[in-house]
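Here is a friendly walk through one protein chain, written for someone who likes to have the model open while reading.

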Amino acid sequence: MSQSSILIPFSRAGDLKIQLTEHNHRYYVLDAPQVPDVEYDRLLRELQALEQQFPELKSSDSPTQRIGAPPLEGFGSVSHEIPMLSLDNAFNSDEMREFDRRVHERLKQSSDIEYACEPKLDGLAVSLLYRDGLLVRGATRGDGQKGENITQNVRTIGSIPLRLSGAGYPSVLEVRGEIYMPKAGFDKLNQNQRDKGEKVFVNPRNAAAGSLRQLDSRITATRPLEMCAYSTGWIEGDNSEQALPDTHTSRLQRLADWGFLINAEMAAVPNIEACLDYFDRLGKKRDALGYDIDGIVFKVNSHALQQQLGFVSRAPRWAIAHKFPAQEEITELLDVEFQVGRTGAVTPVARLQAVFVGGVTVSNATLHNRDEIARLGVKLGDSVIVRRAGDVIPQVVSVVLDKRPADAADIIYPLLCPVCESPVETLAGETVARCTGGLICGAQRKEAIKHFASRKALDVDGLGDKLVEQLVDEKLIAAVADLYSLELNQIVALDRMGIKSAENLLQALNVSKNTSLAKFIYALGIREVGEATARSLAKYFGNLPAITAADQESLKKVDDVGPIVAHFIFDFFQQPHNLEAVAGLQEAGVNWPDIEVAEENLPLEGLSYVVTGTFSQIKRADAKVQLQNLGAKVAGSVSAKTHCVIAGPAAGAKLTKAQELGVDIIDEDALLVLLRSHGVSL
């Protein structure tokens, strides 16, 4: 071998040691990891392979010879009586079978060996020390020999017993486990962080580590942490021999008897093939679990056999962690494209250098919105960490700033819709940018047509969602007005559409042409304009030209129309393409009578009603319409301002609230009397 070829592995090993030491420092000391676990594992395995091939590379300060990093200076130091070692990893079935072969070989045993199986929780390893049943110390793993004293913090975690339950425990008992943050608690914590305008956590593991190592234990107490016991450590004194049974799974059951949380998925299996079956089974339900796991830990179940097998320098010979495919990976952000959703939301999509993550090859990931891009500080050309968990859409979770290239470019949000070139707007206080194209945007076309034909709009009987999809996909319609140009032979040619059904559809379309101004306004799908607002607009202005010509100040005089809704209505009728769509519908024959705007007040004007329960003589929806036609406001909840609650059978919380507030309550019969007294024919 040439001198230069010998120097190459020495140089690479030196680089790997520097990188791994820095990653250890960021992960264990700074709580700010910059690469996913899979990248760290890859670098560590490369260094292990080099040291195996060239033993002279191995040194006492190599990351392969130790675990973690020194404890933070902010906490007192704790020396572990028995080292808290790490685990070797397996990444496929062959490596698991090789582990089993080594166990059999060292034990000189040919018969099957029973293994304990436990999900590998993604959190922070801790040691809890009990004397005479009382918790006296909590410590992190640290570098395996020394950890940090976090006693005050662990005492705040509800799943950690301050005093052991039952009896028969040793006078000195060390319990080891994983402190983690359940998914639900993590989501709530991050939402609270967003609400306060503070930095969110990347994942539950980082959230748990950061929470547990707060110098102020009052902060830790507010975080939703749990501890799951997975082994014992130092044991001595009374009952030290008889307190714990021989098998690992039985020992954990004993810990449960003494008050510890253990994992409900724990199991004992008869051999290595059963281990592989367990791995597959848990992998399928991984995403449904209430906590993150990154693999399965398999341990020789017999404690006596564990003692025979012993340890290597940094890991026990009797245990191994079978890792799932990585849920996080590092890759390059090549470009960002902007997609328009069915409601007009403009979403940035990251185009990535293809990478294998979460069991599949990923080349696209969501960036959510403009605020998320700003929070991440991501630029084109960056190296990013992408995460995929099960069926969840892959997402960019952080940027590796150390790898940012000199030519990294800012991501520019579009001012015009990439589909229809209508203006894109983001309202104050909102995070989502939206296309204002409405009726003419191709990305929103199907939803616009479905809404237009829905029961509360123009009520086209027989025009369901699937038929709308067919008509658009077959390019028979491109806008709502095209519905009225459909011909019998076009409809009959569609899948599962007979002549009778086609004739009925054409008849329903013809009937729908005769509508009301309120229904037509609602059918246009103007953002935030529901049935009640559409009725108020029709009643206030009386005709469509008056609505289209109204400025925002005039619009705000209408009941239920505030500044935001006024903006949406005004903006809709300022867009030429929307006016063209409205004109197209009128040219197709859609019509309605104008409404005579009454000068005098309506009989129920200024009164607020709530309708609840079930009715037998009139539909609730019809009751609401009739009340609104008489000038009443029909609200969805009861308050002190409610004039009257109309309650049918099965009325629930709204009726109770009305009774508590002393609001007038009438039944369906009284409602009908009220309506008839004001000239409503039923």
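Helices (H or I, at least four residues) and strands (E, at least two) are DSSP runs, numbered from the N terminus. This is a predicted model, in which local features need pLDDT of at least 70, side-chain atom pairs count only at pLDDT 80 or more, and totals for chains, interfaces and linings use all residues. Residues are numbered from 1 along each chain as its sequence is written, and side-chain values use heavy atoms, with hydrogens and water left out.

Let us begin with His 80, found in the loop between strand 1 (77-79) and strand 2 (89-90). Its relative accessibility is 7%, so His 80 counts as buried (under 20% relative accessible area, with exposed over 50% and partly exposed in between, using a 1.4 Å probe and protein chains only). The His 80 side chain reaches the backbone oxygen of Arg 141 at 3.3 Å. That is a polar contact, meaning a pair of N or O atoms within 3.5 Å; within protein, one must be able to donate a hydrogen and the other to accept it, and residues adjacent in sequence count only if both atoms are side-chain atoms. Not counting residues up to four places away in sequence, His 80 touches several others, including Ser 127, Ala 139, Thr 140 and Gly 147; contact means heavy atoms within 4.5 Å.

Leu 517 belongs to helix 16 (residues 517-523) and is buried because its relative accessibility is 2%. Beyond its neighbours within four places in sequence, its contacts include Ala 538, Leu 544, Ile 547 and Trp 592. The C-alpha atoms of Leu 517 and Glu 81 are separated by 82 Å, and the two are 436 residues apart along the chain.

**Aromatic rings**

The structure holds 11 aromatic pairs. Rings of Phe, Tyr and Trp (its six-membered ring) pair if their centres lie within 6.5 Å; planes under 30 degrees apart count as stacked, over 60 as edge-to-face and the rest as tilted. Two of the pairs are set out here.

| Pair | Centre to centre | Angle between planes | Type |
|---|---|---|---|
| Tyr 169 and Trp 258 | 6.0 Å | 90° | edge-to-face |
| Tyr 278 and Phe 298 | 6.3 Å | 80° | edge-to-face |

Tyr 278 lies in helix 9 (residues 272-285) and Phe 298 in strand 10 (residues 293-300), so this pair ties together parts that are 20 residues apart in sequence. Both Tyr 278 and Phe 298 are buried, and Tyr 169 and Trp 258 are buried as well.

In helix 24 (residues 668-677), the buried residues are Glu 668, Leu 671, Leu 672, Leu 674 and Leu 675. They cover an arc of only 160° around the axis, which puts them on the same side of helix 24; the arc is that of the directions from the helix axis to the C-beta atoms. Val 673 and Ser 677, on the other side of helix 24, are exposed. At the N-terminal end, Asp 667 caps helix 24 with a side-chain oxygen 3.3 Å from the backbone nitrogen of Asp 669. Just after helix 24, Gly 679 takes a positive phi of about 85°.
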